[in-house]
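Here's a quick walk through one model, written for someone who likes to know the cut-offs. Have a look at it first.

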Amino acid sequence: MLLSRIDKPGWIFLGVLALACLVVPALNLMTAPGSALHVPTYAVSLMGKYLAYAILALSLDLVWGYCGILSLGHGAFFALGGYAMGMYLMRQIGPRGVYGNPILPDFMVFLNYKSLPWYWHGFDWFPFAAVMVLLVPGILAFVFGWLAFRSRVTGVYLSIITQAMTFALMLAFFRNDMGLGGNNGLTDFKDILGFNVQAQGTRVALFVLTALALALAYLVARFMTTSAFGKVLIAIRDAESRTRFLGYRTAHYKALAFTVSAMMAGVAGALYVPQVGIINPSEFAPANSIEAVIWVAVGGRGTLVGAALGAVLVNYAKTLLTGAMPDAWLFALGALFVVVTLFLPKGILGTLTERLGSRRAKARLPGPKPGDIPPALAEEGRGS
Amino acid sequence: MRRCLVLLLVAWCTAWCVTWALPAAAQTGSDAAYARLASDSYSDIEAGIAALATSGDPKAGAVLRALAENRLLYRPDDKALAIKDGATVTDARTGAAVGPDGLKPVRVNNRVRRAIDAALGTLNLLAPDAATRRTAADAVFKARDVAALPALDAALARETDASAKRSLQEARAAALLAKPGSPEIDRLAAVDTIQNRGDSEALGILRGLSGDAASSVRDAAARGVSAIETRQALMANVQNAWYGVSLGSVLLLAAIGLAITFGVMGIINMAHGEMVMLGAYTTYLVQELIRQRAPGLFDWSLPIAIPLAFLVAGAVGILIERTVIRHLYGRPLETLLATWGISLILQQAVRSVFGPTNREVGAPSYMSGAFDLFGLSITWGRLWIVVFAMAVFVALNLILKATSFGLKTRAVTQNRRMAAAMGIRTPWIDAFTFGLGSGIAGVAGVALSQIDNVSPNLGQGYIIDSFLVVVFGGVGNLWGTLVAALTLGVANKFLEPYAGAVLGKILLLVFIILFIQKRPRGLFALKGRAVEA
């Protein structure tokens with residue numbers, strides 16, 4: 001039975017998401033703007049942004065928490081998905097741009113483009129753009145992962161070259177010749193599927209969609225990691241050579257997990273862009289990808305729910321702190337990196353479940369379930 | 001009252017001019033030139049300018065300058081020339097004051113202006129200062145002024161300064177080639193002279209050879225063109241290689257500390273860039289202190305800053321190792337995250353103390369300026385950085401290979417437990433090795449403060465490059481780091497002309513990513529039987 005694969009934190013997580021899908025739109029649409037219960041529209045978009053980050057964190061946890069691949073370039077997949085969505089939104093502007101060109105986006109008119117570059121074709125059609133949101137990050141991740149895992153680039157080396165990848169993409173997207181808006185990126189969006197992006201209803205709908213996507217991403221990741229396939233992933237994380245000697249083609253497993261994870265990150269980016277209204281090359285910055293890693297570490301790697309929780313918590317703290325004390329944010333973020341790695345290696349959720357588990361174990365004394373290797377124990381063998 | 005003043009002024013000026021211009025008035029050999037200038041036909045004016053320049057008239061300079069500034073007037077009736085200077089008008093030949101009746105300005109167009117410049121250049125050919133003569137000769141060379149030939153010959157006859165003489169000869173050669181109907185033998189010699197000059201100007205002259213030249217001259221010119229082109233291509237390559245070496249030594253400086261912490265110890269130190277930044281800020285502080293207390297010592301600011309930067313960055317490194325990193329040995333990915341956090345804290349700390357803006361670090365006198373090496377312009381600053389990078393490299397190698405500390409470091413990294421059994425205090429060696437790597441990064445910061453903006457983000461720009469250099473060169477191998485840094489630097493500079501700076505960098509990143517697929521342990525991997533986990 002598929003549903004039996006969802007553990008207790010998972011049910012709580014899905015319940016919270018379902019509740020958010022009901023309560024947030026209700027409090028936004030059905031209460032008067034002055035009322036104490038009213039959730040302003042900007043806050044709905046802000047929460048939607050957090051949830052998009054949560055999808056990114058979840059995708060990263062899938063590869064880092066379960067497969068031991070620390071990708072420092074997941075921001076690239078996120079941004080690529082975002083760009084695919086951004087291209088669709090740009091084409092929807094039509095003749096409403098500053099220059100009123102029905103085909104070419106404003107920045108192309110400005111840069112004297114005569115016709116649409118070939119890779120822009122098709123993006124005016126939503127299903128095509130939606131497929132590209134999955135395909136572009138997916139193909140990049142597959143090619144990159146297949147090359148890297150086949151030549152057994154692991155651990156730190158992999159982290160460094162994923163970082164180099166996102167850095168190279170950032171430099172590339174900053175170029176005006178790329179035909180993707182250069183420095184300024186893509187912005188000034190008007191419609192999505194015929195609905196005004198700025199409208200209250202659209203924003204609420206985008207929030208609900210993001211929450212649903214997060215739930216779906218969680219289910220996919222959960223089923224992947226609890227299946228036989230997931231067991232092999234965990235085996236690779238804990239002792240890759242041994243798994244290889246047992247006859248598993250570890251590179252294939254890793255490449256597949258990496259590709260699925262990149263596609264999730266792409267979806268996260270595609271949901272993020274219409275809610276914040278802009279996508280530019282700074283999304284590729286290596287610092288962004290590293291920040292996503294800390295969300296996972298804070299929430300607890302290898303727990304899925306924890307990753308999403310970490311993303312929301314850290315970003316909420318960021319919003320609060322950058323508003324109240326802008327100077328303190330980097331201190332706090334830096335300290336978070338140090339404190340979490342030193343004192344909370346299992347993250348918030350990992351530590352919580354461990355505490356609860358050990359208390360219950362004392363009460364009932366059942367043996368540990370087979371295959372339920374706590375990440376910490378597994379760590380000793382791997383050393384990464 | 002005002003009229004009185006003007007009258008007085010005119011009277012005074014007249015008196016002054018008359019006394020001053022008396023000897024000049026005696027000279028009348030340039031009358032023809034003056035007459036041609038007093039015209040409204042541009043070609044007449046041009047001819048007049050050339051005639052005046054070679055006439056040897058001492059007032060020629062003043063007249064030509066007045067013409068260039070639209071202050072030269074003429075009277076069409078009697079061809080009189082006058083110079084307007086503010087409110088006063090004086091006769092160009094005699095210097096006597098004249099009335100403004102019937103005078104109108106001599107017209108000037110671009111062709112005339114060029115002629116004036118060339119003529120002024122001719123006048124300068126005989127200037128007492130050798131540098132002025134050289135500049136003037138170059139101007140004639142560029143203008144290929146046939147009319148200047150007599151002046152050039154005159155100047156060459158009395159020239160004593162070697163470099164000015166060469167410039168004059170080149171100018172003469174250019175003029176000879178441009179002069180219609182000059183003899184073949186002269187032209188061949190001229191082609192030779194110009195070919196030896198070997199720059200783009202010379203190329204232009206040889207390519208634009210006038211149509212009436214003999215075939216032998218044209219062949220010589222064609223040979224000259226190809227010789228110059230070959231030479232220029234070679235120079236461009238040498239120049240690129242030098243820029244590449246210069247960039248490579250910057251990369252080497254940035255990466256070499258990391259070659260210790262990451263390469264030898266295996267610590268992923270993302271705060272490495274911030275150690276470089278701390279070194280740069282130490283330089284800034286030293287310079288500020290010297291500026292305030294002892295400005296005379298300014299040239300010593302960098303030698304003073306180097307050991308201080310080493311100590312500051314090294315101490316911070318040891319502190320980080322003792323408080324954070326030692327708890328994370330054996331967990332490289334966690335180390336990566338923790339040191340990234342430390343880098344954020346250090347950045348923000350520096351930003352809070354010194355502000356987010358760039359701080360100015362000055363260049364000592366021996367690092368500013370440039371010198372010319374066989375046509376290659378080399379700035380002293382770059383040269384010193386290359387020398388410094390190599391010195392740091394050699395020093396680090398000596399520390400690791402020739403000191404007891406280096407021996408212990410290598411022992412600990414090769415076999416920690418055996419080293420401990422031999423009585424080496426491994427935790428201290430860890431701390432000091434990390435301190436050494438950080439200190440070297442700080443020393444690099446002193447050099448990088450000379451070529452980069454000293455801002456809290458200084459280190460961020462180098463961290464990815466540094467890691468790629470170390471990984472590309474092969475972990476645990478200082479020579480690999482050297483080769484990788486220079487290779488990447490030179491490759492970058494050779495790609496730049498074809499691909500542009502940004503695309504060149506992207507291509508290199510892609511190349512390194514692919515290279516690591518092929519050789520996951522870098523160019524010079526340590527050979528051993530250890531299988532990765």
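Residues 300-320 of chain B are 95% helix and 0% strand, with the end C-alpha atoms 31 Å apart. Residues 383-407 of chain B come out at 96% helix and 0% strand, and there the end C-alpha atoms lie 32 Å apart. Helices here are DSSP runs of H or I with at least four residues, strands are E runs of at least two, and both are numbered from the N terminus.

An unreviewed UniProt entry lists both spans under "transmembrane region" for chain B, along with 241-268, 428-447, 467-491 and 498-516. Positions follow the numbering used here, feature names are shortened, and such annotations may be inferred rather than shown by experiment.

## Ground rules

This is a predicted model: local features need pLDDT of at least 70, side-chain atom pairs count only at pLDDT 80 or more, and totals for chains, interfaces and linings use all residues. Residues are numbered from 1 along each chain as its sequence is written, while chains are lettered from A and ligands numbered from 1 in the order in which they are written.

## Where A meets B

The contact draws 43 residues from chain A and 38 residues from chain B; residues are in contact if their C-beta atoms, placed from the backbone, lie within 7 Å. On the side of chain A that touches chain B, α5 (126-150), α6 (155-174), α9 (240-245), α11 (286-299) and α13 (326-343) of chain A each supply at least two residues. α6(A) gives the most, with 13 residues.

Key: Two residues are in contact if their C-beta atoms, placed from the backbone, lie within 7 Å.
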